[in-house]
Amino acid sequence: MIILGIDPGSNITGFGVIRVEGREETIVDCGVIRVQGKGDHSLKLKLIYESVCELIGIHHPDCCAIEMPIYGNNPQSMLKLGRAQASAMLAALNHQIPVTEYTPKEVKKAVTGNGNASKEQVRYMIVTILKLSAEQSPKLDASDALAVALCHIHRGAAESNGSYKNWDAFARANPERLR
């Protein structure tokens, strides 16, 4: 199973792709989508959408896990963040990829055991869980996206020991078994 994790942002959107085979979790790809300085907000949303579509075309994920914005002091910033999240979600949904949302606390708790962990603590656990070297340590936005994908796996929403959340998950994981 391949999980696309996304940490949406109105200027920088992190992404992480993880492959799960049995109990083995392997990083496939991670990085950031930078739209800062790329025009007005609507153009940035289009770029996020197109970039996520491109990632889907490259990696063919079975599901998408995305962090949901839930707090902020500035309503305009929260609105922009929600729109960035919606752009990424729409890209996945238009490719018939199921999307699951997680709160930042859920993601941090699933990866570090502490719902109030810092970004640096999350990155440290990502490096540890995925057995990355110090040179392979991802940028903070990318490590957050990998954490979202790992949260999806650890929360049991992804394939676990041959059991599936629903028929769609089974069908995506086993196309050769369908007639």
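How many of the 15 residues of α5 are buried? The legends below take up this question along with the rest of the fold.

Figure 1. Helices are DSSP runs of H or I with at least four residues, strands are runs of E with at least two, and both are numbered from the N terminus. Starting at that terminus, the elements follow the order β-β-β-α-β-α-β-α-α-α-α. Of the 179 residues, 42% are buried (under 20% relative accessible area; exposed is over 50% and partly exposed lies in between, with a 1.4 Å probe and protein chains only). Taking contacts (heavy atoms within 4.5 Å) between residues at least 6 apart in sequence, 59% join residues at least 24 apart. Residues are numbered from 1 along each chain as its sequence is written. In this predicted model, local features need pLDDT of at least 70 and side-chain atom pairs count only at pLDDT 80 or more, totals for chains, interfaces and linings use all residues, and side-chain values use heavy atoms, with hydrogens and water left out.

**Figure 2. Five strands form an open sheet with mixed pairing.** Across the sheet, the strands come in the order β3-β2-β1-β4-β5, where two strands pair if DSSP finds at least two bridges between them. β3 (24–34) and β5 (99–102) are at the edges with a single partner strand each, so one side of each has no neighbour in the sheet. Direction ignored, neighbouring strands are turned by 20° against each other on average (axes are lines fitted to C-alpha atoms, for helices over the stretch in contact, and angles run from 0 to 180 degrees between N-to-C directions). Look next at β1 (residues 2–7) and β2 (residues 12–21): they run antiparallel and are joined by six bridges. One place to look is Asp 7, whose bridge partner in β2 is Gly 14.

**Figure 3. Helix α3 (residues 104–112) has three named buried residues, Pro 104, Val 107 and Val 111.** These residues lie on the same side of α3, because they cover an arc of only 65° around the axis (the arc is that of the directions from the helix axis to the C-beta atoms). Their packing partners are β4 (63–67), β5, α4 (119–129) and α5 (140–154). Just after α3 comes Gly 113, with a positive phi of about 85°.

**Figure 4. Asn 116 sits in the loop between α3 and α4.** Asn 116 counts as exposed because its relative accessibility is 58%. Leaving out residues up to four places away in sequence, Asn 116 touches Lys 105 and Lys 108. Asn 116 and Lys 105 are 11 residues apart in sequence, and their C-alpha atoms are 6.5 Å apart.

**Figure 5. Helix α5 is mostly covered, with 12 of its 15 residues buried.** Among them are Ala 142, Asp 144, Leu 146, Leu 150, His 152 and Ile 153. From first C-alpha to last, α5 reaches 20 Å, close to the 21 Å expected at 1.5 Å a residue (1.5 Å times one less than the number of residues).

**Figure 6. The largest nonpolar core has 22 residues.** A nonpolar core is a set of buried Ala, Val, Leu, Ile, Met, Phe, Trp, Tyr and Cys residues joined through side-chain atoms within 4.5 Å. Ile 3, Ile 18, Ile 126, Leu 130 and Leu 150 touch the most other members. The elements giving two or more residues to this core are β2, β4, α3, α4 and α5, and α5 gives the most, with seven. Apart from this core lies another, of 21 residues, including Phe 15, Val 17, Ile 56 and Ile 66.
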